[in-house]
Amino acid sequence: MQDPARPEAVYQVAGRDLRGAFDVAWSEIRDRGLLTLDLAAAERIEVENPGDGRLAKFAVARAPLSEAQKRDIAEKKPGRDANDGWAVTEPKGYDPGDVGDWLKSIERMSANEFLDAAELADKKADTGLDDPKVAAKVTVVAGDKKTVIVFGKTDEASQSKDVWARIEGRDEVYKVASYTRDQVLQKFDQVRDRTLLGKRKAAVASAVAITGPEGTVELTKVGAAWQVGTAGFALSAKAVDSLLGDVDGIKVDYAADVTPGSAGLDTPEWTVKFTF
């Protein structure tokens, strides 16, 4: 071998030394990250998941960047936060949860293994990526750029049970960890607002009525203080506000196979009514 700085000299190097330094597979040194997304510019995320028996398709969106926001970004000023301005556009009637956290999870997507078309053909793998009954898609729109991520079947032959994936417009196919798939391919009930009262906050209620087996207690707010019923017995404002704050912190899980009747909610033992 030669050093270009000393063209007159020729060197001999042990082969094992060269192999240790340079005989490295491309897949071992390449960046495993798959996406570079402009989080501020992202304006729409769509999911199509035929395997989700509850809701196979949904979307969230926000307004495109304004000219003023584009100027701020160009001038290296703080841009639009990843979580700002989102709304659930499909289906209607729902509030969004922490969409920005979901968007960041998509941007962090990485691969455990990379395969080109020839390598995939050699494996004769049943990826499910071209099966409309299996393939699930996550589409991110940011300005004039659209990124479509497709997830297929789990590779049951692998010890790690990775999931087949690809990005439309690229020749490669990837294996990603199952938890990566779950973070990117979220279900609607993970994306919607899971707080019990949604935008309505118990902390700003003007009255609370609690009904149980022994009757009803009515709490009324007068100024910054709380009182019980019409008699006007004073309550600890700190204690009541703490209770209402706890209610606002409740997050719920959605059970698709449970009805109000089967849960006993058609004849509830306790009810809490808020007046705003």
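**Exercise 1. Find the exposed residues on the face of H8 turned away from its buried side.**

Step 1. Helices (H or I, at least four residues) and strands (E, at least two) are DSSP runs, numbered from the N terminus. Buried means under 20% relative accessible area, exposed over 50%, and partly exposed in between (1.4 Å probe, protein chains only).

Step 2. Know the model. It is predicted: local features need pLDDT of at least 70, side-chain atom pairs count only at pLDDT 80 or more, and totals for chains, interfaces and linings use all residues. Residues are numbered from 1 along each chain as its sequence is written, and side-chain values use heavy atoms, with hydrogens and water left out.

Step 3. List the buried residues of H8: Val-240, Leu-244, Val-247 and Asp-248. They sit on the same side of H8, because their arc around the axis is only 100°. That arc is taken from the directions from the helix axis to the C-beta atoms.

Step 4. Turn to the face away from that buried side. Its exposed residues are Lys-238 and Asp-246.

**Exercise 2. Check the span of H8 against its number of residues.**

Step 1. The expected span is 1.5 Å times one less than the number of residues.

Step 2. H8 covers residues 237-248, which is 12 residues, so it should span 16 Å.

Step 3. The end C-alpha atoms are 16 Å apart, which agrees.

**Exercise 3. Describe the surroundings of Gln-186.**

Step 1. Classify it. Its relative accessibility is 13%, so Gln-186 is buried.

Step 2. Follow the side chain of Gln-186. It reaches the backbone oxygen of Gln-183 at 3.2 Å.

Step 3. Leave aside neighbours within four places in sequence. Gln-186 is then in contact (heavy atoms within 4.5 Å) with Val-47, Phe-58, Trp-102 and Val-191.

**Exercise 4. Examine the backbone at Pro-91, Lys-76 and Lys-161.**

Step 1. Most residues other than glycine have a negative phi, and most peptide bonds are trans.

Step 2. Take Pro-91, in the loop between strand E3 (87-90) and helix H4 (99-107). A cis peptide bond joins it to Glu-90, with omega about 0°.

Step 3. Take Lys-76, in the loop between helix H3 (67-74) and E3. Its phi is positive, near 65°. Lys-76 is exposed, at 76% relative accessible area.

Step 4. Take Lys-161, in the loop between strand E6 (145-154) and strand E7 (163-167). Its phi is also positive, near 55°. Lys-161 is partly exposed, at 34% relative accessibility.

Conventions:
Polar contact = N/O pair within 3.5 Å; in protein donor to acceptor, adjacent residues only side chain to side chain.
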